[in-house]
Amino acid sequence: PYRVECNRILLKSNIRSKMHKTPLQLKSFYEIMHKYKYFIFDCDGVIFHFNEVIGSSFQILDQLRESKKNFYICTNNSKRGTDEIIQRFASAGYSLPRHSCISTPYLSSQYLVGKSPGSSVYLLGVPAFRKELESYGLSIWKPEDTAKPNAVLCGFDPEFSYKKLETATRLIRKGAEFVVADTDAYFKIAGTKFPGAAFICHTIELTTGAKPVTVGKPSPYAFAHIVERDHLDPDKANYVMIGDSLKTDIVFGINAGIDTVLVLTGVTNIEAIEESGIRPTYILDSL
């Protein structure tokens, strides 16, 4: 029931429609807190810089709770499942409600369960991803299994190999659905870029010609899911996305039809905004 696919033509037209608008520079996040009912935050580069909490992030989340406003942490990091993200917050001194944590393993599980409860999945991903899928009753397909899986699911997999590529492409050609958790090109450790999940899913797409269903940002699937799951107000004027990446967080907001805040504590600087042509609603130095 939550199937939402990212339309590339619509994506480009949405970006063009935003290009003429000049983002508003905010001095403080509190300037817009009264304006919205629902707040969707990215995690890395917004709430955390590695294991350090950025600015007043936790205080802002607390004030939103006290004001009876909903917030969600929506991260593309497919190296962590929901349990690991909640533990990360707990280690930093914050109790994150489970329903507020929207991880790509969670979104992938919900998409697959929504299509076929108990289905079989060939996973390219980490153990935390596998654990989350199994917690929702999905079974992990193994090469020795006789029946083919319902889907090939691609996330970040540090043990990706040619053999896994051959298996994934063969299964997709035989009819397994191609599902992608996230399309992040890279992640950073100590300023160094490391390949993200994109190189895996793009290799499979190039080899098979199959277009995947993407559940992570910038696909609007996460937005559609939380609105329906939590029975939220459908008026998109009540929502705002806060993120540090133009191509994932801000385009996610544009695709979902909601306002956006670009924070400059992560991967994007002012110059990148001009170069990209992607326009957030607001710019904020830091939470």
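Start by selecting Glu-166, which at 28% relative accessibility counts as partly exposed, a class that lies between buried (under 20% relative accessible area) and exposed (over 50%), with a 1.4 Å probe and protein chains only. The model on screen is predicted, so local features need pLDDT of at least 70 and side-chain atom pairs count only at pLDDT 80 or more, while totals for chains, interfaces and linings use all residues. Residues are numbered from 1 along each chain as its sequence is written, and side-chain values use heavy atoms, leaving out hydrogens and water.

Now move to Lys-217 and Asp-249, whose salt bridge has its closest N and O atoms 2.6 Å apart. Lys-217 sits in the loop between β13 and α8 (221-229), and Asp-249 in helix α9 (residues 246-256), 32 residues apart; both are buried.

Finally, colour the open sheet of five strands, ordered β8-β7-β9-β10-β13 with parallel pairing, where two strands pair if DSSP finds at least two bridges between them. β8 (139-140) and β13 (213-214) stand at the edges with a single partner strand each, so one side of each has no neighbour in the sheet. Within the sheet, select Leu-124, which stands opposite Cys-154 in β9.

Technical notes: Helix = DSSP H or I, 4+ residues; strand = E, 2+ residues; numbered from the N terminus. Salt bridge = Lys/Arg side-chain N within 4 Å of Asp/Glu carboxyl O.
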